[in-house]
Amino acid sequence: MESVTFLGKQLKNPLVLASGILGNNAGILERVHRAGCGLVTMKSIGPGPRDGHNNPTVIDLGFGMINAVGLPTPGYDHMDTEWQALSGRTFPLNASIYGGSLEEFVQVARFVSEQGPEFIEINISCPNSDRHGMLFGVDEKAAFAVTNAVKRVIAVPLIAKLTPAAPDIGKIARACEDAGADAICAINTAGPGMIIDIEAQMPVLAFKKGGLSGPMIKPVAVRCVYDIYRAVSIPIIGLGGVTTGEDAVEMFMAGATLVGMGSAVRYRGIEVFDQVNRELADWLTDHHVTRDEIIGAAHDRRHTP
Amino acid sequence: MIAEHTPLMIEVAEITIHNSVYTTLFFDFAIDFRPGQFVMLWLPGVDEKPYSLSYYSPTRFGITIEAKGRFSRRAVALAPGDLVGIRGPFGNGFDIVSSPHTAVVAGGCGMAPLAPLVTKLHPDLCFIHGARTKEFILFQDRFARTRHITTDDGSLGHKGVVTDLLAAEIQHRTVQNQHQFDMVYACGPEMMMHAVFTLCESHRIPCQVSLERYMRCGFGVCGACVCGDRVVCTDGPVFDSAQLRNMADFNRTALLKSGRAVPLSDYVTWRCQ
């Protein structure tokens, strides 16, 4: 795929690594970039330190995954060597952050902005902590407040990562746009769901419930991106179950400007980025269209009786 | 069928207590397996941890546990008939070379993942095993192959460390103009594996070592076990010389549960809690 300009920054292609997948250190982020990912996202950084939940935390169901890792983080101010390693990077970086309160979001955002990532993504959508994340992503006023507060203290474009748990995700996206968000990233994991082992007679995940990802949630993700596209004019990073070039095409048609992948790494390895780039380019060539031309294309079609 | 998806609850079939800290749990179940691969062991209500298989046959497998932390103490207290969850196997496993000129170097319970490998290698292999004392030599009567023992206190075999014997054997082969090792396999404390790697490098001998890091998913997505740009659960746990040369975190850095990168010694202290 050809390079794209996103919020004024040059990306080598329109593919994004979802937060929470691999992004634990500079070395692996660079490797994912080399493997064909246009924009890599760090694992969500919080005020921390925080260990996250005990295992089992991540289970592959075959048609997608369920996870409740629980937002582990060294804490933004315990990552000196990581920030140092990232300062010499040769790839664009999206820094995902979270907090348990508006004040914590601001505290983390201010510090992280000074480390010079290309973008900051606020995770207001994680279902795997009782105190963090999703609380802010299901309420328009809370979403506006946190977006607005973070926007004021950072010097880089702001991306709001949303949850499909919102009753009307378009309204949440609109609130984020009104508050100054430069882009929307959707969706975070769906559910939460639960799997119970009938022999053990208890939930498999230590946190009991967990977010769903991968192919099983793609229709939910496509619907969310479709709704958001109708509600806002800022660009959208569409993700949720994308595993192939055709999945990416579907996401672009729903209205995404960039397309993210996470669980796809489980099914096709880190090489999935190069593979999807090729598949996407082939599809566009075969159909004599460009990526720009298919963004939001599904919105222009009318069903005829 | 044991698979990589949700854990399969199976009964502990038999237990062998080797000494005060090492215990092997046996399961009468078929599992698709290559030496060096691991499974995730789930104790419902407690936690889930990765363990390499230390015994393998088409109808039975075993994992050997060193009781050192909260989870492993619970695991060694299991009784036959108790149910545990298993998912896997995960990881790459050892690349097995058929040459008669191989060495296997085990340190402490690093013997466990190497045991199923030993039986697959040419019987002429050079087999070295070190431990703190005689009591900590795992699988004392298991192998027909000659095993060269080292102990820190000299209670059995050579008083010293495994690399003393490996270095001597490499030197012997060089001086006698004999065929040098085609492959050295090592598992044990990371400091020991690094010493083996360094020794092999200085004699241009290829080696493979099995690394350990805190893990969550086991299948390469969560990033908990990254070591430099390598993902230990899927790229490893076995790494060869070429990969080790470029692995800045080898014998240096590991991530805690929070994802914080710390010196390896701090990680080891934390893991034993």
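Q: At the start of helix 6 of chain A, which backbone nitrogen does a side-chain oxygen of A:Asp168 reach to?
A: In this predicted model, a side-chain oxygen of A:Asp168 comes to within 3.1 Å of the backbone nitrogen of A:Gly170, at the start of helix 6 of chain A.

Q: And what is helix 6 of chain A followed by?
A: Helix 6 of chain A is followed by A:Gly180, which has a positive phi, near 110°.

Q: Why is helix 6 of chain A largely enclosed by the rest of the structure?
A: Helix 6 spans residues 169–178 of chain A, and seven of those ten residues are buried, so the helix is largely enclosed by the rest of the structure.

Q: Which residues in helix 6 of chain A are buried?
A: They are A:Ile169, A:Gly170, A:Ile172, A:Ala173, A:Ala175, A:Cys176 and A:Glu177.

Q: What covers them?
A: The cover over the buried residues of helix 6 includes helix 4 (134–137), helix 5 (140–153) and helix 7 (218–231), together with strand 9 (158–162) and strand 10 (183–186), in chain A.

Q: Switching to sheets, in what order do the four strands of the open sheet in chain A come?
A: The order is 5-6-14-11, with antiparallel pairing; strand 5 (58–60) and strand 11 (190–194) of chain A are the edge strands, each pairing on one side only. Neighbouring strands of this sheet are turned against each other by 35° on average, direction ignored.

Q: Over how many bridges do strand 6 and strand 14 of chain A pair?
A: Strand 6 (residues 65–67) and strand 14 (residues 209–213) of chain A pair over three bridges in the antiparallel sense, and A:Ile66 has A:Leu212 in strand 14 as its bridge partner.

Conventions
Residues numbered from 1 in each chain as written. Chains lettered and ligands numbered in written order. Predicted model: local features only at pLDDT ≥ 70, side-chain atom pairs only at ≥ 80, totals over all residues. Heavy atoms only, no water. Buried < 20%, exposed > 50% of the residue type's maximum accessible area, 1.4 Å probe, protein only. Helix = DSSP H or I, 4+ residues; strand = E, 2+ residues; numbered from the N terminus. Contact = heavy atoms within 4.5 Å. Polar contact = N/O pair within 3.5 Å; in protein donor to acceptor, adjacent residues only side chain to side chain. Pairing = 2+ DSSP bridges. Axes fitted to C-alpha atoms, helices over the stretch in contact; angles between N-to-C directions.
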